[in-house]
Amino acid sequence: MTTARTTTSRRSFLGHSYNLVGVVASLVILAWTLVAIFAPYIIPHPIGDIVDDDYFGPMRQGLWLGSDYLGRDMLSRVLMGARYTVGISLAAVSIACFSGVVLGMIAAVTGGWLDTCLSRFLDAMNSIPSKLFGLVVVAAVGSSIPVLILTLAVIYIPGAYRFARALAVNINTMDFMTVARVRGESTLYLIGSEILPNIIRPVLADFGLRFVFIVLLLSGLSFLGLGLQPPLADWGALVRENIGGLPFAAPAVIVPSLAIASLTISVNLLIDNLPQKIRDRDA
């Protein structure tokens, strides 16, 4: 009886089973996504305008998240910061996962010298500490949105490649792959019609995890002063520029930190609480 009640309480539409944690996490992610899209239209003040006579002002009517170290509206800056944090991270993880997954599947199917060369080259790249690589590239080339996106993508391509290749190698040894080869199917067909549909779900879960890693790395680079440069600011840059308010427990330094935590924790919780039919191909 207990099992039946639990199953019923988790049953939702479209034949998938959901729990409260996954629903709440998905709502938080959806909220930040909408904020990132519509931020220029919903901010109450221009992000560069000084609207408070005091610095590190408290929360009050008209300044719902207080003011920063220059007296600018923190609500406006946090909302616009979501646009850069989510946008840059999403672009970087999309490039990294697409490139890594495609290369991983090609290497697994073709094998031979191509597999060896790709694996050794990307293993060498993966051996470089991510923050050190990011610091060197951004310090040498300069900090801009395209540079940040490409740098973050390059850092995480090797991991996406190794993950996709490991999955594809297992699929490549199965009987239906042998039958497809006997039929004379091309490499493109094997990758697109046989391997990709069988690895897409773990790849999407890995996509979410790498998104979290990129958000944290971007925030770390911005905190060190090598991320977005003023007047632009992501959440990591907002923490850095308002770090002087930490002894006063100023909202200007606490709120961007909570924003980073809410996004990254929600993505992790959503991945951990995906419906069984999405997590498990055989369910």
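How many helices and strands are there in the protein? The count is 11 helices and zero strands, where helices are DSSP runs of H or I with at least four residues, strands are E runs of at least two, and numbering starts at the N terminus. This is a predicted model: local features need pLDDT of at least 70, side-chain atom pairs count only at pLDDT 80 or more, and totals for chains, interfaces and linings use all residues. Residues are numbered from 1 along each chain as its sequence is written, and side-chain values use heavy atoms, with hydrogens and water left out.

**Overall picture**
- The C-alpha atoms fill a box of roughly 75 × 60 × 30 Å along the principal axes.
- Buried residues make up 42% of the 283 residues; buried means under 20% relative accessible area, exposed over 50%, and partly exposed in between (1.4 Å probe, protein chains only).

**The nonpolar core**
- A nonpolar core here is a set of buried Ala, Val, Leu, Ile, Met, Phe, Trp, Tyr and Cys residues joined through side-chain atoms within 4.5 Å.
- The largest one has 51 residues, and those touching the most other members include Trp 32, Val 78, Ile 88, Leu 152 and Trp 235.

**Helix 3 against helix 6**
- Helix 3 (residues 74-110) packs on helix 6 (residues 145-172) at about 35 degrees, with the axes 5 Å apart; axes are lines fitted to C-alpha atoms over the stretch in contact, and angles run from 0 to 180 degrees between N-to-C directions.
- By class, their contact has 25 nonpolar, four polar and one charged residues; Ala, Val, Leu, Ile, Met, Phe, Trp, Tyr, Cys and Pro count as nonpolar, Asp, Glu, Lys and Arg as charged, and the others, Gly among them, as polar.

**Helix 10 and the annotated spans**
- Helix 10 (residues 251-272) has 22 residues and reaches 31 Å from first C-alpha to last, close to the 32 Å expected (1.5 Å times one less than its number of residues).
- Its buried residues include Pro 251, Pro 256, Leu 263, Val 267 and Ile 271; Leu 263 and Val 267 are also among the core residues that touch the most other members.
- An unreviewed UniProt entry annotates "transmembrane region" at spans including 207-228 and 248-271, and such annotations may be inferred rather than shown by experiment.
- Residues 248-271 are 88% helix, with end C-alpha atoms 36 Å apart, while residues 207-228 are 77% helix with ends 23 Å apart.

**Out in a loop**
- Gln 61 sits between helix 2 and helix 3 and counts as exposed because its relative accessibility is 73%.
- Its C-alpha atom is 60 Å from that of Tyr 189, 128 residues away along the chain.
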